[in-house]
Amino acid sequence: MNKVSKIMLVTFSIAFLKAGTVHAQIVNNQVVQQYKTWTIKFNKPVKIDDTINNKIQVFDKDHKTVPITISKGNSDSELLISPPKDGYTLGENYTLDISKDVSSSDNKNLLNDVDMNFSIDENVNNNANVVNGGQIASDGEWLYYSNSDGLYKIKNDGTGNFKLSKDIASYISVDNGWIYFINNEDRKVYKVQSDGTGPYKVSDVQVKEIYVQGDYIYYHNYNGPGEYVSKMKVDGTDAQRIGQSDTSVFQGQFTMDGDYIYCNAGGTVSSIKADSTPEDSSTTILQNVRGPLYIYNNQIYYGTNSSDYLSKFNLFRANEDGSGVTNLNLKNLNCVNFSGNNMYYSSGEDDSLYKANLDGTNPVKIGNGIYNFYILENQIYYVNNSDNAWHRMNLDGSNDVLLIS
């Protein structure tokens, strides 16, 4: 895989031509997260004026206009299409419409309209929730959470608590009425229906982490040869290894974002398409990485060594191709999460929770005693260090309530 093909997944390019049709490199019908920002690259500087909002629009399935924000990208020939303030609707289908009336700075127009269809992942778990261990997930109506004596579900308002399995679960994912999880005792993948039918063992492979996406479960072998990153169908069949790195097999701690996998093998981060075969090569994008990998808003947030604590990390950020590395000057972190235009992180000796801008600026302390946490449907969920019980609070730290004792 080369870097150009990687860029085309998260951006698309349009050319102003003298004759023929519009030259557009797009990936249609992508499933993306609700805060997806699209990048459009033109072959010439594009004219941005008061009419641009009428020439580039996003429509929902009923052809109603969605309130997006259009801004200049990293160059005069690049536009950013930012999502609505509260994100797109989960599970909804959308169309990005680019009118042929869009013009370049030298007044060249597109010859045809360009449409791109996309949909929003209905699984409200985001990348950070899985990276942080996946102790809780949601299908929009029910919360599925791990407790000290098993896997439970409870309604968002705290009613209807019901035990689904005696297994202590991690990396919980919800997909098409099934709840997938790792049994912490044997490190194997199980699934149970949301009505409590099951659980059923999916595979005998021992794994460290899983991502459920489409028809596949992506996983990292727990103690297999090389600890390969692999995938199998959701019924446990068709298991196969994914790709080679530049120097060896594609292995180590990994994370997923859309159609790409990012893997940290001994401090070297590589990326590869999720549908790659064992023979395909990955691309090295970052070095000297320690700690978790988070993907949010087309950027990688990752850890480096903390000089103060062996168990904590300092936070850096880079583009998905590894360029633009930035030290966010946030030290001794436990974990990170994201919502809208903000990041949230736990750090320090007292495990304080902070809310900050995505570049780490303007941090505001909003909680204490929170080592790990999850964000679902604009709420923060966490197990408090003092009472070892599940709590929920607003994104500004207000209205902290005991959800599950």
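**Exercise 1. Find the largest nonpolar core and the residues with the most contacts inside it.**

Solution. Start with the term: a nonpolar core is a set of buried Ala, Val, Leu, Ile, Met, Phe, Trp, Tyr and Cys residues joined through side-chain atoms within 4.5 Å. Buried means under 20% relative accessible area, with a 1.4 Å probe and protein chains only. The largest such core has 52 residues, and Met343 and Ile380 have the most contacts inside it. Next, ask which strand gives the most to this core: it is strand 29 (residues 326-339), with 6 residues. Strands here are DSSP runs of E with at least two residues, helices are runs of H or I with at least four, and both are numbered from the N terminus. Apart from this core lies another, of 23 residues, including Val32, Trp38, Phe42 and Ile56.

A word on the model before we go on: it is predicted, so local features need pLDDT of at least 70 and side-chain atom pairs count only at pLDDT 80 or more, while totals for chains, interfaces and linings use all residues. Residues are numbered from 1 along each chain as its sequence is written, and side-chain values use heavy atoms, with hydrogens and water left out.

**Exercise 2. Decide whether Asn132 is buried or exposed, and list what Asn132 touches.**

Solution. First locate Asn132: it sits in the loop between helix 3 (127-131) and strand 11 (136-138). Then check the accessibility: Asn132 counts as buried because its relative accessibility is 8%. Finally, look for contacts, meaning heavy atoms within 4.5 Å. Not counting residues up to four places away in sequence, Asn132 touches Tyr294, Cys335, Val336, Asn337, Asn372, Phe373 and Tyr374.

**Exercise 3. Trace the pairing from strand 23 to strand 24, then on to strand 25.**

Solution. Two strands pair if DSSP finds at least two bridges between them. Strand 23 (residues 260-265) and strand 24 (residues 268-273) are antiparallel and share 6 bridges; Tyr262 has Ser271 as its bridge partner. Their hairpin has 2 residues between the strands, and Gly266 takes a positive phi near 65° there. Moving on, strand 24 is joined to strand 25 (residues 283-286) by 3 bridges, again antiparallel, with Ser270 opposite Thr284.

**Exercise 4. Give the strand order of the open sheet with 5 strands, and name its edge strands.**

Solution. The order is 3-10-9-5-6, with mixed pairing. At the edges are strand 3 (30-32) and strand 6 (65-66), each pairing on one side only. Strand 5 (residues 56-60) meets strand 6 through 2 bridges, running antiparallel, and Val58 stands opposite Val66.

Definitions and conventions
Buried < 20%, exposed > 50% of the residue type's maximum accessible area, 1.4 Å probe, protein only.
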